[in-house]
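This report looks at aromatic rings and at the charged groups that accompany some of them. Please keep the sequence and the 3D view side by side while reading.

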Amino acid sequence: MSVLKSAYVAAARKSMDMPFVASYFDRAAESGSDFQRWVASLTAIYQLDRMIRLDIPWWNVAATDEIEAFLADRPKARVFEYGSGASSAWLARRCGELISVEHDEDWRRGLVALLGDFPHCRIDYRPLDSEDGPTYSQAIAEASGTFDMIVVDGRMRTACLEAAISHLKPDGVILFDDSGRQRYRGAIETSGLEETRHLGRSYCVPYPDNSSILRRPAALN
């Protein structure tokens, strides 16, 4: 983590010691608008319990709204997620089944403890792909069937996107986070999927960021 980012995270955590900040956070968590929850999320960066209480994923706000509407129309949706976190709790509240894969076992155990109220949510540990073969990126192949939604928001995102496409339902979507990073652009642009790229206000950070929603071209559905 950069020095600047580390300083921001430390300041965000310290701000919760201020009564008016803590009070604002409580109000946002209980009944806040998207904007209020975004403001409150700036104090919750890298704090999983606070993000879960706000009921937010660490994605672009507009992309989050689009995905929320997508899942509202599919209350029994099957979702696969590369990279678990606050988004796992957010998704579990909105889908019929969630399978998430995580490469950090300590992080996975901590998150499982926080997600005990979601029996339809499973978080699996898989080591990152290595010379011995793919494990993390191919975890989706171990789950039977196809998915209404796939989240690419962990490690090895290029390999994960490639693996995900054949497991996506014809009318499904892929949420690809941090899609503006140059190292991901080639994989997205050559995936054969149509991209809706959202750039702007994003949870937990004070600067604009990208999340993309990928779909099969309508002619292929």
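## Charges over rings

The charged end of Arg78 sits over the ring of Phe147, at 4.3 Å from the ring centre. A charge is said to sit over a ring if NZ of Lys or CZ of Arg is within 6 Å of the ring centre and within 35 degrees of the ring normal. In a second case, the charged end of Arg201 sits over the ring of Trp38, 5.5 Å from its centre.

## Basis of the values

This is a predicted model, in which local features need pLDDT of at least 70 and side-chain atom pairs count only at pLDDT 80 or more, while totals for chains, interfaces and linings use all residues. Residues are numbered from 1 along each chain as its sequence is written, and side-chain values use heavy atoms, with hydrogens and water left out.

## Aromatic pairs

The structure holds seven aromatic pairs. Rings of Phe, Tyr and Trp (its six-membered ring) pair if their centres lie within 6.5 Å, and planes under 30 degrees apart count as stacked, over 60 as edge-to-face and the rest as tilted. Phe176 and Tyr184 form an edge-to-face pair, with 5.3 Å from centre to centre and 65 degrees between the planes. Both Phe176 and Tyr184 are buried, where buried means under 20% relative accessible area, exposed over 50%, and partly exposed in between (1.4 Å probe, protein chains only).

## A ring cluster

Ring pairs also link Phe80, Tyr82, Tyr136 and Phe147 into a cluster, and Phe147 is the residue whose ring lies under the charged end of Arg78.
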